[in-house]
Amino acid sequence: MQTGNFTIMINKIKQLLSEVDNLKAANAEELEALRIKYLSKKGEISRLFDDFRNLDGDEKREIGKILNELKDKTRAKINELKDSSENTDSKESGPDLTRTAYPIPFGTRHPLSVVKNEICEIFARLGFSIAEGPEIEDDWHVFSSLNFADDHPARDMQDTFFIQQNPDVLLRTHTSSVQTRVMEKTQPPIRIICPGRVYRNEAISYRAHCFFHQVEALYIDKDVSFADLKQALLFFAKEMFGTDTKIRLRPSYFPFTEPSAEMDISCNLCGGKGCPFCKHTGWVEILGCGMVDPNVLDNCGIDSEIYSGYALGMGIERITNLKYQIKDLRLFSENDIRFLRQFESAY
């Protein structure tokens, strides 16, 4: 037997269905008023759903179906009126009289993007392909696989950003983590270049930042020697800084290469004669490099008895500083339009 509440709800739903069929809105304000009246939490349909709870099981099955149909039909009608209103507004609005009469200037590439693309293009001519990886990494790919000792200072929180103080999850400190991921999944020959953003826990100043950008290169094959590395470095330096550029290699130490070296180029401001920029030495350091340590190859599943390789890495900010004589690293991330407009014709 149907209750009085059932009959009242049926009549109310029929009334609302009739109203919805005839809904009209002349503007956005009227449309919003209709939405609030019918579909808001305190609207007509919401009140019907509140009354719906008081019905018994058989009545709920019958009322529920048509109540959902009412809700769907109302929502569709509101959306139809909205689409119709937007189309009408766009046709009647006409030209924007507040828009400037001057041509909108084209944007420009960021100087770091300009230099990164140039570096990648130079190495592409040597047969290197681009490889990328995650910025949130684990300890194995950033440190352990690359021969870092357990007590290496780079593992300290003063030098590295760890995620929620988890010693195994961190923001990568170099793009060498991309190299380890490629070596784990690929057998030689491997010839890749790895551009990307890296993070280190450093105080921000004109010469340092908590994030910066690197490009690293890796070449692994049979019979790769230090002479191959030196020739690739000389080619890169001359292509990037000019054919008169000279290079020199100084012994250094990195956990993942042996032997290791740092590379200087002849100062591109004074031509190697000595100036304040090169501290009157005639040389400017630009990157680190070396032969891949056999332990790194073995850690990544590559037989170090058969294969050898070299790796090199440079900071893109460093190269950009040298190329355009930019003295403050903070300019790269401050989005000062006056600074960025200087590079409109750079690429």
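Which residue follows H10, and is its phi positive or negative? H10 is followed by glutamine 325, whose phi is positive, near 55°. The structure is a predicted model, in which local features need pLDDT of at least 70 and side-chain atom pairs count only at pLDDT 80 or more, whereas totals for chains, interfaces and linings use all residues. Residues are numbered from 1 along each chain as its sequence is written, and side-chain values use heavy atoms, with hydrogens and water left out.

A residue is called buried when its relative accessible area is under 20%, exposed when it is over 50%, and partly exposed in between, with a 1.4 Å probe and protein chains only. The buried residues of H10 are Ile316, Glu317, Ile319, Thr320, Asn321 and Leu322, and these residues pack against H5, S6, H8, S8, S9 and S10. Isoleucine 316 is found in this helix, and it counts as buried because its relative accessible area is 2%. Leaving aside neighbours within four places in sequence, isoleucine 316 is in contact (heavy atoms within 4.5 Å) with Leu112, Val115, Lys116, His213, Gln214 and Val215. By comparison of sequence and space, isoleucine 316 and alanine 261 are 55 residues apart along the chain and 18 Å apart from C-alpha to C-alpha.

The next element to follow is H5, which covers residues 111-124 and holds isoleucine 122. The buried residues of H5 are Pro111, Leu112, Val114, Val115, Ile119, Cys120, Ile122 and Phe123. An α-helix has 3.6 residues a turn, so residues three or four places apart point the same way. Isoleucine 122 counts as buried because its relative accessibility is 2%, and, leaving aside neighbours within four places in sequence, it is in contact with Phe235, Phe236, Glu239 and Met240.

From here we can turn to the nonpolar cores, each a set of buried Ala, Val, Leu, Ile, Met, Phe, Trp, Tyr and Cys residues joined through side-chain atoms within 4.5 Å. The largest core has 43 residues, of which Ile119, Phe123, Phe236, Ile286, Tyr310, Leu312 and Met314 touch the most other members. The elements that give two or more residues to this core are H5, S6, helix H8 (226-241), strand S8 (257-266), strand S9 (283-292), S10, helix H10 (316-324) and helix H11 (337-340). Its largest share, seven residues, comes from H8. Phenylalanine 236 touches Ile119, Ile122, Phe123, Ile286, Leu287 and Met314, not counting residues up to four places away in sequence.

Rings of Phe, Tyr and Trp (its six-membered ring) pair if their centres lie within 6.5 Å, and planes under 30 degrees apart count as stacked, over 60 as edge-to-face and the rest as tilted. By this rule the count comes to seven aromatic pairs. One of them joins tyrosine 219 and tyrosine 310, edge-to-face, at 5.5 Å centre to centre with 70° between the planes. This pair links distant parts of the chain, since tyrosine 219 is in strand S6 (residues 211-221) and tyrosine 310 is in strand S10 (residues 308-315), 91 residues apart. Tyrosine 219 is buried because its relative accessibility is 13%, and tyrosine 310 is buried because its own value is 3%. Elsewhere, ring pairs link Phe143, Phe148, Phe254 and Phe256 into a cluster.

A charge sits over a ring if NZ of Lys or CZ of Arg is within 6 Å of the ring centre and within 35 degrees of the ring normal. Arginine 191 lies over the face of tyrosine 219, at 4.1 Å from the ring centre, and also over the face of phenylalanine 128, at 5.8 Å from the ring centre.

Finally, serine 177 lies in helix H7 (residues 176-185). Serine 177 is buried because its relative accessible area is 0%, and it touches Glu137, His141, Val142 and Arg172, not counting residues up to four places away in sequence.

Notes: Helix = DSSP H or I, 4+ residues; strand = E, 2+ residues; numbered from the N terminus.
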